[in-house]
Amino acid sequence: MPRRPRWRSAAGRRQLRRLEKRLAETQDELLAPLSPEERQRFTELLARLLDHHSRRTGSS
């Protein structure tokens with residue numbers, strides 16, 4: 001029988017919410033010097049780099 005993804009259980013959803021909250025806090029701290037527009041652009045550029053290198057190496 002296949003295992004259910006962790007996030008589908010109540011405990012998994014709680015853990016996911018905690019991790020999402022911590023991620024948001026960390027991003028806010030890291031990106032504090034940037035304006036909202038700069039944050040958006042920075043995120044877009046990082047995604048573009050990741051996409052390029054993922055395709056090059058065959059990673060997902």
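Q: Which helix does R14 lie in?
A: R14 sits in helix 1, which covers residues 10-30. Keep in mind that this is a predicted model.

Q: What kind of surface patch is R14 part of?
A: A positive one, formed by R13, R14, R17 and R18.

Q: Switching topic: which residues make the nonpolar surface patch?
A: F42, L46 and L49 make it, and the patch comes to about 270 Å².

Q: Where does L49 lie?
A: In helix 2, residues 36-57. L49 has 49% relative accessibility, so it counts as partly exposed; exposed would need over 50%.

Q: What span should helix 2 have, and what do its end C-alpha atoms give?
A: Helix 2 has 22 residues, so at 1.5 Å a residue it should span 32 Å. Its end C-alpha atoms are 32 Å apart, which agrees.

Q: What follows helix 2?
A: G58 does, with a positive phi near 80 degrees.

Q: Zooming out, how many helices and strands are in the chain?
A: 2 helices and 0 strands.

Q: And how much of the chain is buried?
A: Buried residues are 5% of the 60 in the chain.

How values were computed: Residues numbered from 1 in each chain as written. Predicted model: local features only at pLDDT ≥ 70, side-chain atom pairs only at ≥ 80, totals over all residues. Heavy atoms only, no water. Patch = residues over 30% accessible without salt bridge, like charges linked within 9 Å, V, L, I, M, F, W, Y side chains within 5 Å. Areas by Shrake-Rupley, 256 points an atom, 1.4 Å probe, with all protein chains shown as cover. Salt bridge = Lys/Arg side-chain N within 4 Å of Asp/Glu carboxyl O. Helix = DSSP H or I, 4+ residues; strand = E, 2+ residues; numbered from the N terminus. Buried < 20%, exposed > 50% of the residue type's maximum accessible area, 1.4 Å probe, protein only. Expected span 1.5 Å × (residues − 1). Lys, Arg positive; Asp, Glu negative; His and termini not counted. Charge placed at Lys NZ, Arg CZ, Asp CG, Glu CD.
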